[in-house]
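Open the model in your viewer and keep the selection panel at hand.

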Amino acid sequence: FILEDKRTGVWNRLKLASVSKFQLYVGHLSFSYIIGLLQVMLVLFVFRYVLGTNMYGGFWKVGIIAAIYVLLVMAFSVFVISLVKTVSQSSIIISLVAVAFAMIGGAYWPLEIVQSEALLAMKWISPIYYAMESMKQVTVYEGTFGSIWTYVSMMVVIAIVLLMVGISLLEKRTERYHSSE
């Protein structure tokens, strides 16, 4: 939404309104987060209650992990839009990176079958790896939150860093744009 608002000029008008930058970002990001969370929770409910997927008593834990992962995805999106100029560029980059992260993070196949040490080393840069491992721990292995603390905290740290860098880059680009006018 931020890129589209920037393209149409709505973003600049919002920045001139009596709304602080903090409120502007919180409003946009809250809306995006809630929409993403509702979509993911709907999928989880369908899997659990319509399709009858056994989550081994970890359904609510999977919901919490998914909520943190949605925050991470939103933060990654903010970071990407801080680097690109158009919605189509962001769509291309997010699609490419999402597929790569899914492959090296264990979403397409279990990492236990991967033979390449280089690919296994790359899992640490994939946000999907942390979510997949967390969900696997609380469902298949019936783990507690204590057993996934490292994975969940990594997702939160990565999300915070991406949000901070993304927002600061967005602000710098906006300042450069206004100073060149």
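This model is predicted. Select Lys 136 and Glu 112 and show their side chains: the two meet in a salt bridge, with 3.1 Å from N to O. Lys 136 belongs to helix α7, residues 127–139, while Glu 112 sits in the loop between α5 (87–105) and α6 (117–122), so the pair ties together parts that are 24 residues apart in sequence.

Is Glu 112 buried or exposed? Glu 112 has a relative accessible area of 55%, and because anything over 50% counts as exposed, Glu 112 is exposed. Lys 136 has 21% relative accessibility and counts as partly exposed.

How accessible is Glu 133, and what does it count as? Its relative accessibility is 12%; because buried means under 20%, Glu 133 counts as buried.

Show the three residues together. Glu 112, Glu 133 and Lys 136 are linked in a network of salt bridges. How many salt bridges does the count come to? The count comes to two.

Now select the charged side chains of the chain. There are 13 positive and 9 negative ones. The centres of the two sets lie 6 Å apart.

Hide the side chains and switch to a cartoon view. How many helices and how many strands make up the secondary structure? The chain has eight helices and zero strands. Following the sequence, the pattern reads α-α-α-α-α-α-α-α. Helix α7, where Lys 136 lies, is part of this series.

Zoom out to the whole chain. Its C-alpha atoms fill a box of roughly 55 × 35 × 30 Å along the principal axes. Of the 181 residues, 35% count as buried, and Glu 133 is one that counts as buried.

Then display the contacts. Among those in the chain with a separation of 6 or more, 63% come from residues 24 or more positions apart.

Finish with the surface of the chain.

Terms used. Residues are numbered from 1 along each chain as its sequence is written. This is a predicted model: local features need pLDDT of at least 70, side-chain atom pairs count only at pLDDT 80 or more; totals for chains, interfaces and linings use all residues. Side-chain values use heavy atoms; hydrogens and water are left out. Helices (H or I, at least four residues) and strands (E, at least two) are DSSP runs, numbered from the N terminus. Buried means under 20% relative accessible area, exposed over 50%, partly exposed in between (1.4 Å probe, protein chains only). Contact means heavy atoms within 4.5 Å. Lys and Arg count as positive and Asp and Glu as negative; His and the chain ends are not counted. The place of a charge is taken as NZ of Lys, CZ of Arg, CG of Asp or CD of Glu. A salt bridge is a side-chain nitrogen of Lys or Arg within 4 Å of a carboxyl oxygen of Asp or Glu.
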